[in-house]
Structures are given as structure tokens and as C-alpha cells.
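Subject: Structure for you to look through

Hello,

Please find the structure below, with its sequence. My notes on what was found in it follow, in an order you can check against the model.

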Amino acid sequence: MSRIKSPAELEAFRKEILAQRDPDKPCITLCSGSACNATGSGKVAAALELEIEKQGVTTEVVSRRTGCHGFCEQGPIVVIYPQGICYLKVQPEDIAEIISETIKKQKIVERLLYVDPNSGERATLEEDIPFYKNQKRLVLGSNRKIDPRSLEDYLAVEGYQALTKVLFEMTPEQVVGEVKDAKLRGRGGAGFPSGLKWDFARKAPGDQKYVVVNCDEGDPGAYMDRSVMEGNPFAVLEGLMIGAYAIGANEGYIYVRQEYPLAVANLTVAIEKAEEYGLLGKDILGSGFDFTIKVHRGAGAFICGEETSLLNSLEGKAGEPNARPPFPAIRGLWTKPTNINNVETWANIPMIINKGAAFFSAIGTESSKGTKIFSLVGKVNNTGLVEVPMGASLRDIIFKIGGGVPGDKKFKAVQTGGPSGGCLPEGLLDTKVDFDELSQAGAMMGSGGMIVMDEDTCLVDIARYFLAFLSDESCGKCTPCREGIRQMLKILTNMTKGLAKEGDIDLLFELAEATKGSSMCALGKTAPNPVLSTLKHFREEYEAHINEKRCPSLSCKALIDFYIDPEKCKGCGACFRKCPAEAIEGGKKRIHVIVQDKCTKCGGCHEACPAAFDAVNILSGVPVPEATPEEARAIG
Amino acid sequence: MVNLTIDGKEVKVGKTATIYEAAKEAGVHIPVLCYAKKLLPYGACRICLVEVEQMKGRLIPSCTTPATEGMVVTTMSDEIRKVRKTVLEFLLVNHVIECPVCDKGGECDLQDLTYEYEVISNRFEGEKFDLPKDEINPLIERNMNRCVLCGKCARVCDEVVGYGSYSFINRGFETKIATAFDRGLNCEFCGQCVSMCPVGAILPRPFKFKARPWQLKEVNSVCGYCGNGCTVTLGTKDNEVQTIRFNDKTGVNDGNLCIRGRFGASYVNSDKRLTSPLIRKNGELVEASWEEALETVATGLRDAGSSTGILSGARLTNEELFLVKGLAKAVGTGNLDHSGGECYKGVTQGLQETLGLQASTATFPQVENAKAILAIRTDFYETHPVFGMVVNQAVKRNDAQLTVIGDKQGKLTRMPHARTLQHKPGLEVNILNAMCRFLLDEGLAKIDGLQGVEELKVALADYSVDAVAAAAGVDAAAIKQTARELATVENAAILLAYGLPYTANSRELGLAAANLSLLTGIAGRAGSGLYLCGEKSNSQGAIDLQILPAAGALGASGMLKAASEGKLKALYVAAEDMLVSYPDKSLVEKALEKTSFVVVQDIFLSETARKADVVLPAASFAEKSGTVTNAERRIQRLNPGIKSPGQAKSDFAIFQALLSALGATAPADEAAAFAELSAATSGYEMVSLDMVGDQGYVWGSDNLAPEMRNLVAVAGGKAIEAKYQLVVGSSLYHSGTTSLHAKGPMAVVAEPYIEFGREDAAELKVVDGDLVKIKAAGGVISAKAKVDRRLPKGVLFAPYHFGALDLNRIYHGQAAIAVEVSK
């Protein structure tokens, strides 16, 4: 294929692609995102290819390896179109049956369907699965329909229509106006109005300007951007080009984490394809607009997600922030005006242009428009990526989409916004996902991490965990962040070890305020959030740790003891066999006793003790009763 | 202008001012650690936080936040005090408290702030830094356990020096300042990092345990080395210069210094200083009284009369040089010259014939705003490092395009996006000619009001860009681009350093550079300038005072030639070690041998002094008053910080006494001398000593208008054909021969060396430290080899400062010397 030189040629090419595709022809899509790859998608793909050949359906069926579908816990995922039959946890040995039954005989392979853990009902179609049913997948939606490395696939789902429209029907001012009207806010964390940011860069004086994609997603457990980049790189490229046209840039950089090899690979292929077809390079579609893109791999520092640090890193300097102002829009990459947005923000742009600002701004709340992708993880039944309209409640996300907390455990808290987000208690579950509402509740939107915690989670320990992460990731440039986080971490660690002192809560508050109020960049300014939000909503847990040396969640090892209730022990020996530390004295028909000095608090005995006996107790904040004397241990 | 209120005071500041700067303007003190006037805003320490009414809810770093119209700033409140105190507690958690033995004690910003904020206890605990100290090099000690991570060392090294020795490494608590691969420091040793460090983490080693800051007496003077004329504030105690103190308020250098300025003053304390006059008796130099010495000299000179030759160095003050002239007059000789008589001819003849001037047309600070800079010879950085720092800032901060015409690579060629026209040795003039020709051909030349345009066009027939590019081995497009830039950008600068090791083509280079400055419009345009910078601290003063041969009389080379033929009766040499630093040692030797009466006036018993009949002990720059004029025509004052050793006297006092012995009159003191010399010196007529203030006084104003605009055709050089050719020059760590007595420079470069490029070294199987022999017409010299990346194939380099090298046996002032190399 030669370069596409005009919008007419592009449309002709699109028509040609669509003409070759029979919408009624069975199409087997296999999720090939990083998560499904980890659970064996590669082998399933090989089996699929082999089996199509073997069963002689080469001409009757199309197969396609797509990007992430989002329901990662249930991967590898196979969806068969046009019906949308969804098979989960598909293994290579299931493929023969899928082809012989579903493709050839239109029969459903029941055992591969989703089963609702609560009702036991099966769901045949993707859209019937509660996890999907309650989402609004405007950005992620295309992921399951297209091969991320196929420009044809992207064109088949209206790809590059927005770019054509922008280049030939809109002025840069109009493009910025459209994004402003859409009220799109940056998805990277701070939620700054994207249109306004573009406008600053557009108006900044300078011949040379840059646009940058921030794909340095560093929140533990969050992978929204990865999935968009892996699954639909063309959408990001198209968004980026629209932004470049709007602000007057001809060069773009994509900063991707080194740890995202598939995203880099798919992106690289996409860029090559776009260059080959003339959708990147000189005089794109005959519009006179030139644009080139370079991919830069980050070296794994969390701080490089902060825009000025990212730009420093791009320039080959140490990844640490600069004072703002000047903002990158005025003085950014190599001192030139630069607009930097996160992957998800860029991916929203083609849709806004195609469907219009009015369509976009009709979704969501007053101050937050469109949808937001969350990475729903932790103690929740359905983990994965979920995309919901702004304004959806946390409760709906966790219980309707996420299927609630597994087992009989009680929900305790949800942490939104990544490591420097906040933990919200059950009482705030009706909080809507909205930049401002989450901030007011003491959490934040962040880039969309959402971690669900159940009753076994100690919130003091959680705060300690996040502060440990942030202390490791603080770049060390400014004093309050470098030292303030460390000092908070020290106090929290002491608390979980039973070494806390009176007054530690006050000191924590002071440290939190100082770090928040005087740090240089968002890392330090938001680092105290885990502490402040847990102090606000779970203060009694802190007090228990300090005053009673008790961990109410029975989770902090230094504060708990395992004790076998002599009244309940039946001498079955289950705990004795399980104990890796040989800390249990037992014997046939004898009451078992834990030698406290030897106990490593692994919890094995607690798990091993048959539920009917329930003899192993976890104690916290109380002394361990005297062990039953040797001579009194015989049972019965 | 921007209006704002700080602590209730109305302040009006420039648009680019930060809140901190505005407060300073208003006389409101805000504490800082990581802020430095000369560095870009950084904002890391968070000590300078203030409250801004319009930005409620958070504290604002005053050192990075621009002042904006209507801002209402509060610089102190309970909240601010609390946060600042907390930040100090944070810093003190890991900082080792070694104040009693820390050299910074008494002028440590952290110590002062801890005191000011009464941080008497610390709520926080933590491990103390326990990092190894860098005590490997003798000049700069790094104790990172005292570091507050303000980054000023790394920033000054990058932003100002352009070396980039330091960087932060690691993250969070592990963050530290380190060198590449965390090894010992191996850099220019300018000590700019020392001057910026707010705590005792980076210290000057020679000053360790010498004095508490408050015990030092501070005296502002001017560095005695190069023509940059940096202010050096002498920290003196016990009649010794103990250290050079940081001072960014006086002079032209903004507190910046090079290794020579910061660590090179120790020669004044040397125990090898001359302390008594010496007279040759029975073939031996023996101590004598001043009376006897002066009488001997007076008699000798009187006898020689017009057959006397007077050679001066360019490190004497203007007042002293004025008396040198008086001496020539009293003796009745016109044979007067300085600095070897050749190297400065670019100024005295080149600029004179074209512009009617004998000085640089603009001042140093203007270069920082230049958009295009042409440095002729990359050695410009080696001779004038602090001016090189200005160039670096122009390039780094203001995106100036730097072009270097050089026969080798160097510091300047490594600056960001520097363009190097690396040519065969000796062809600088050809390239300048090609630029002139290109501007004329393309109609880019600003020829209005220029004389000699047509003649120049004819003369440049052989200097088409392509022909010159091919002959010089330079990219033709680069020559064109450079010329185009110089002619079209708003502000541009042409830089050329001269000095004893750069004798070849000196007049021609001056002419060619002046032609280019006329055709580009650089000469005389405000903000642009042509800079010819002398090697020595008063090179410009020597030209201003015309320490030059009288009409029909002999210049330096003429005197030496005549003397070598026994035609001069007396030679008077002041502040020059001709045997080491002048081209053609054999000629100098012969001249000294054949002249019956030789007087040398110096601070050390130099090689030349050893051959004298009378040696007069002089004073160093640190011991005297007077003025010197730097390469941008800035007249600045020297102030004595210590007394001269023994009976040594200032050159001024010596000349005064000698004039008196000769029955001539002399001004009563330096001030009287200045009054007389200013009246007699072109450009100085309106200058009185009280006009020479803290920033000195630039004669002829910041932009010196050309007296005429005359293009003068000048022939280029010819590359020599030889497998190996040696070029001679100056080393960054040394200046003339004086620095060989200074501990700092000698700690870094103690011996002469022959520098090889990697290609030649590989071919000759020469590695660092190998003893190599260099044979050329005139003799064989030998020294250790140094292998670097600066030199192209076939070109070798030798610094000229070391008498031990005998370089001037083979260096007779050529642009390049054909040599044979053996091990």
C-alpha cells in the first residue's frame, strides 16, 4: 500500500476494508493483553490457528488477537462475534471444542461461560456479564474488536476520521474550543482542564513546540494506560496528532515505562504502519501538516509520571521535577512550549472530535465529564479494568461491577487514586467518581487506581505500605518530601510494630501538613493522603495501635499472637503438621500448645484448624494466657 | 514593571523578578539555602516559603515564583516559622553536626538558620549520613555527610562552568551529589562548587584549619593572572593570603573564578620569593642593599643610555608601566616593548589599521546576550576561563550559537550545539577571509561607510569559501552559516585571545577579525563586540600606555637580535622570564650573554634573573596598590592585602627610586601617577581615580565606537607539510610562568607534557606518561606524553609555561612546527 494522500483516498481505502469484511462471518477474538498473555493467551492463539486449519474452517471463520478486554481475572478471554459469545479462562485444549461446537454447530460450550458467584447463573454473551453490563466502555470499547497492530482494523472502527475532520474542517482554535467545550479533564491525576492546557501551549510564543504522551503509569496495581496503549495505540496516536495540530507542534514523544514491553511493541508497529500509510510524516493526507513521533522508554521511576520530571528524563537528565511556573506549556521539553497529557486523555480526543463536545459533556457530572477507566483490584470478586461514566458511585463499581468482597468478609475501605490517594470507609461508598467529590472526601481520582480492602486489612499498615512506596520513589530533590515521608513512614512502622508513643498522631498530622504544604511537586504534596485519610476515617485503629498495642484487624504481626484454646482443641494435629517453625507441641489426644518464642506468626495453624473446632485464636492487645501444663494436656 | 506588596511594603520590580528578588529589593530578608543569584531557580530546599494572599491554602516558594502584579506577600507568620523550622529539623536529622571542626563554621547557612530559628532540639530521629569523603585531590574536599542537597555545586558546574562534574544520583534518602561513577573529582578544579556550597560539604583543602572566617581580613583586589581581570577578595591573616573569599558584588566576574584565581594565589606566600636585591659579584649573584643595587643599576643604565633596551611584562600596574615609560625617557632610549613584542600586534596594528582602535569594542557581560559567538582558537577558554564561563551561559541560557575556529577541540567545542571549524594549523586567517568573501559575495556585508571594499574584494579572490574549506579541511557550509549568523543576528561577538604562545600571524589575525567585524557590523554596534583579550592581567594597560618602541627604535625582537649581536649595552627586564616564555630561547640566551649589563626585576629568581647582573626583588599583586586594565578596557584597583617579604618592593617603588637615582622626577605615589598617566593616555583623559569604583571603570564606555572603518586586505597562512606538527599554547591550569610557583595549579599540572590525539597515540604506541622525544629545527625536547581527544591526526600540542621543557628551543613563533616523534 502506498501513502494515502488525501481524505478521499482515505475514505476509499476505508470502504475497501469494510467491503472485504462480512459482518456476519464468525470472528473469534482472543484477548492478548499482558494479563491474558500471562495466563496463556499465546498458547491459546497457537492452538486456535492450528485448529482452524485442522477443522477446515479457514474460509468460514476469522480470528483476531485483540487488546485487553478488562476482565483480566478471567482470562484468557475469547469472544465470538457477531453474537458476542464470551468464553472465559480458555485454555488451548478448549479450542477444538469451541470450533467444533460453537463455530460449526452454533452450540455453546457451557463450561466456559461466566457463572455468577452469587446466583450461580451463567451468562452467554459478554454484555450479559454483570462486570461488563454496568460499564460504559467508550475508550476501552474498541480494544476487544481490533488487532492493535492492524491499521485496517482501526480504520474499520472509524479510525482517523477525527484527524481528517480536524485537518480539513477545523482551525486549531476550533479544535481547542471543542476540547474546552467537552470539558475534558486530564486523566493522569490532577484533572486539569485539557482544553485550557492546550490553549496555553497554543498561545505560548515559539516556533518549535512539542506534544508528549505520558505513559509512565507507576501506581502499584494500576494498568489502565498500559491496556489502552497495548490495545488501541492508533487512537492514542490520532489523539496526539489532533493535539499537535491544535497547539502547533510537529514533533511528539511517547514516554512509556520500560516495564511495558507489549505496549512499546504494539506502539512501534502502529507508528511504522502509520508512517507507511502516510498518516505520520510529511504533509499528512495532503493537509500540509507534518508530524513525527519518537518513543522513549522510561527507566522505572514513579516520579517520572510527574510532567516536569518526565520532561527532564526525556532530555536525558535525572527524573526529578522542576519548579512550576514556568509550566511546560510555556517552557517544556528543551525549553520549548510543550503539551503533555496522559494516555487516556489522548485516547478520548478522537471520540470528542468525532461525536462532538456536546455528546461528551452530556456524560458525567457537572464538573467531571466523560468516562473514567479504573483498575479495580484488591479484595473484590471481579478484578480488572472497568470504565464507568463519571458520577458512578463507588458502591456501584465495587458491588455491581466488581461483585463485592469475596468470601464472607466485610468491606472495610476502598483506596482510590494510587499510592497517594485516600482510603474511604463504607460510609462514603456513595461518593461519586468525580474529581472534586473524591478530593473533598479525602481521596482523589488520581489516574484511576482502585483498591478494595476487607475487614482483615489494617489501615495503619496500609498507610505504612503506601508511604514506604512513596519514600522509595521520592526523588529526593526537595527537603519536605525526601525527609517528611521518611519520618511519617518511621512513625507508621513503629505503630505497626507496637513501638508507637503517645503524641505520634499529632506528630503525624504535623508532618503530613508540612509535607503537603511545602513539597515541590504532586508526589510530596499528595504523599500524606494515605495517612490523613486513614486518620480521618479510621482514627480508632491508630489509637488501638498506640494505646493498646492492638491491631484491630489482627494483621500487624508484631501486635498479634496465636493461641490454641485448650477448651476447643481436639488434638487432631492439623496445626502441628502445618507449622513450619516447629512451634507447636502436640501429641495424640493431647491439647496442642504454641510455644510463643518459636512462633513466626505465619497463620498456618489458624488456617489449618478445622472450622468445626475453631480452636486457634488470634489475640491482639491482650496477654497470651499461660500454656496448659504438660501434665494437664491429655484430652478425655 | 510589576507592583506588589511584601510585608506591607510597596515594591516595584522588573517583570522577570521572583518574589525573593522583589523582597530583597524591598530590604525584606527571606532565608534561602538552594537559591543563588547566578543560578537558575531551583526551589528544592523549601526554606524560602512565604504566604501569598492570592494563592491561599499553600506556602509558596519565593525563589521560584515570579512576582506578579498586585501580589500581597507575607514573609513571616506562625505557619511559615513552623514550616521553616520543620524543614531545618529535617535537614538536621541526617546532617553530621561537626561545627566545631568544620571550616564553614561561622559562615554556614545551615548553622546560621539553625540559630536564627532556634532549632534547639529535633523531634525527628534518623541515621546520620555516613558517606566516604573525597580527599583524593589536593584542592577540593567533599564531605557529603554535611550536604543539604541544594544542588548548587552541580548547578554552577553545569550552568556556569559548563563542565558538568557533579550530578545527583540515587533517589529519596539515598540521593547524593556524586561525580561520574562516584569516583574522585577530576575536573578543571575551578572551585566554583566551593564558592557555592552553603555548608561545609565542599571546602577548599588548602584553607583547611587555617582560620575561622571572622579571623580573616578581606581585601578586594584583581587577580594577577589573565586579562579577564576577575576580582579576587584576599582572605589574609598573619601576613599571608590564606584563601580567596567569595565575592559576587565587586568587579566583572560575578564571583566566578578559575583554578588560577581561586587556588593560584599561593605563589605570593612562596618561600622562594626574592627578598633582597642581588648583584653579580665574581660571577655569583649575592645579596646587596637597595642603595648599592640602585646605584649599580643607575650607573649601568646611564652608561648604556640610548643603547639600553627595556622589556616589560604585562602584569605591572598602569602606574608602574607609566614609570617604565619614564625610565625609558630618563635613560634616553626608545627601545621599549612588552610581552615579547609580537603577540599583541593584532591590537596595536590590526585593530589600529582597520578601526583606529587598540582595544576590544565591548564589555564581557554583553556576550551573555549574544546570539552568535565566534571564538577564534578553542584555547580561548584556556587563556580566559572566566570569560569562557560567560560564553557558556550565553550558549546554555540564551541559546547562542557558538562557532569555534580551532586547530584542536577543547572546552568550547564541547559546549551545546557548538560548531567547530577544525582546521589545519595556521589557517585561521584564511577562514576569516573566506567568511568576509562570502558576506561580500552574498550581499550580506554591511558595506555602508566602509573604506577599502573594492580592494578587499580583489584581495579575497583566492579565498572563496570552497577553496579555503578544501585547503583547511573545514566544512564549507559551516563557514557560510557562521558568517551568515554573525551578519544577521541582533547581537554577536568575535573573540580572540593573544599572548606569548600565540605569536604567529598576530597582526594578520587582528586585521582579518576586524575586517569581519566591520562587514558583519559587529564593530561598534551596541550589544555586539570584537574582543581581543590579552594573556596577562594588564595586557590592555600596556597597550593603552603604549609600552611600545618609539619611532625608529627597537621592539622586543629587534632588541634581542641587536643584543645577541652585542649591539646593546644594557637590558632592563621587568616581570618577564624571557628565557622560558619568549619564542627562540637560543636568541634570548645569546642576547643575555652578549649584553654587558642586564637588570631583572621580578618576584622570583627566574631563569632569566639567574643570568642578570642585578636582580631587584619586586612585589606581587597582593602586595601593591595601583590599577590594571582588563581586556574589556575596565580599569580596576589593586589593593594590598599583605606586606612584601623581606626587602622586596613594589615595582612602583623600585622605579620611583631608580628614577630618583637617575636624577629624574617621579610621581609621589600611585594616585599621583594615575592622575598623570590618565592625562597622557588616549581614552583615559576623562578618568579620575575616584571614578574607579567597585565595578571598576570602563574607559571609552561599554561600546567603543570605531574611529574609522577601513578594510585592510590580509594574506592567509599556509599549512605546513609534515607528518607531525606541533602547536604551542596555554594550559588552562597555568598562566605565563608565575603559576608554576602556585600550589593549586601545580597540584593539577605539575610537569610539562606533549599532548597527542588518540589516533596518533595509537599509531605511535604512545600511552599517557610515556617519555617522548620531539625533534625539530632548533633541537630536541622531551616530556611525558598525555593522550587526549582534542587533537586531530598529525597534530601535537605542548603548553609553553614550563622552562624544563625547553619548548622555545624549537618554538620560534611559528603557527605550527614540523616535528619528528620518537619514544
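**Loop residues in chain B**

B:Ala575 sits in the loop that runs between β22 (570-574) and α19 (578-581) of chain B. Before going on, please keep in mind that this is a predicted model. The phi of B:Ala575 is positive, about 60°, although the residue is not a glycine. Most residues other than glycine have a negative phi. B:Ala575 is partly exposed, at a relative accessible area of 24%.

B:Glu118 is another residue other than glycine with a positive phi, here near 50°. Its loop lies between α3 (109-116) and β6 (140-142) of chain B. Is B:Glu118 buried or exposed? B:Glu118 is exposed, with a relative accessible area of 54%.

B:Ile810 is also in a loop, the one between β32 (795-799) and β33 (817-822) of chain B. This residue is buried, and its relative accessible area is 0%. What is B:Ile810 in contact with, leaving aside neighbours within four places in sequence? Its contacts include B:Leu726, B:Ile774, B:Ala776, B:Ala777, B:Gly778, B:Gly779 and B:Ile781. B:Ile817 and B:Val819 are also among them, and both numbers fall in the range given for β33 (817-822) of chain B.

**Chain A as a whole**

Chain A has 24 helices and 19 strands. Its radius of gyration is 28 Å, close to the 26 Å that the globule rule gives for 636 residues, so chain A is as compact as a globular protein of that length. The C-alpha trace spans about 95 × 65 × 40 Å along its principal axes.

Of the 636 residues in chain A, 59% are buried. The chain exposes about 24,600 Å², and carbon and sulfur atoms supply 50% of that area. Among contacts in chain A with a separation of 6 or more, 71% are between residues 24 or more positions apart.

How is chain A divided into domains? The domain assignment gives domain 1 (23-133), domain 2 (151-361), domain 3 (371-457), domain 4 (460-547) and domain 5 (560-632). The C-alpha centres of domain 1 and domain 2 of chain A lie 33 Å apart. Where these two domains of chain A touch, nine residues of domain 1 are in contact with seven residues of domain 2.

**One helix in chain A**

Helix α12 of chain A covers residues 261-276, which makes 16 residues. From its first C-alpha to its last, α12 reaches 22 Å, close to the 22 Å expected at 1.5 Å a residue.

Which residues of α12(A) are buried? They are A:Leu262, A:Ala263, A:Val264, A:Asn266, A:Leu267, A:Val269, A:Ala270, A:Ile271 and A:Ala274. An α-helix has 3.6 residues a turn, so residues three or four places apart point the same way. You can look for that spacing in the list of buried residues, which includes A:Ala263, A:Asn266 and A:Ala270.

The cover over the buried residues of α12(A) includes the helices α2 (34-38), α10 (224-231) and α11 (233-247) of chain A. It also includes the strands β8 (251-257) and β9 (292-298) of chain A. Just after α12(A), A:Gly278 takes a positive phi of about 80°.

**Cis peptide bonds in chain A**

Most peptide bonds are trans. The bond from A:Gly75 to A:Pro76 is cis, with omega near -10°. A:Pro76 is in the loop between β2 (62-66) and β3 (78-81) of chain A. The bond from A:Pro325 to A:Pro326 is cis as well, with omega near 0°. A:Pro326 lies in the loop between α13 (307-314) and β10 (338-342) of chain A.

**Cysteines**

How many disulfides are there over all chains? With sulfur atoms required to be within 2.5 Å, the count is zero. A:Cys31 is in no disulfide, and the nearest cysteine sulfur, that of A:Cys36, is 3.4 Å away. A:Cys31 is buried, with a relative accessible area of 2%. For A:Cys458, the closest cysteine sulfur is in A:Cys556, at 3.6 Å, which is too far for a bond. A:Cys458 is buried too, with a relative accessible area of 1%.

Regards

Key
Residues are numbered from 1 along each chain as its sequence is written. Chains are lettered from A and ligands numbered from 1 in the order in which they are written. This is a predicted model: local features need pLDDT of at least 70, side-chain atom pairs count only at pLDDT 80 or more; totals for chains, interfaces and linings use all residues. Side-chain values use heavy atoms; hydrogens and water are left out. Helices (H or I, at least four residues) and strands (E, at least two) are DSSP runs, numbered from the N terminus. The expected span of a helix is 1.5 Å times one less than its number of residues. Buried means under 20% relative accessible area, exposed over 50%, partly exposed in between (1.4 Å probe, protein chains only). Contact means heavy atoms within 4.5 Å. The radius of gyration is taken over C-alpha atoms; the globule rule is 2.2 Å times the number of residues to the power 0.38. Accessible areas come from the Shrake-Rupley method with a 1.4 Å probe; for residues, only the protein chains shown count as cover. Domain bounds come from an automatic or database domain assignment.
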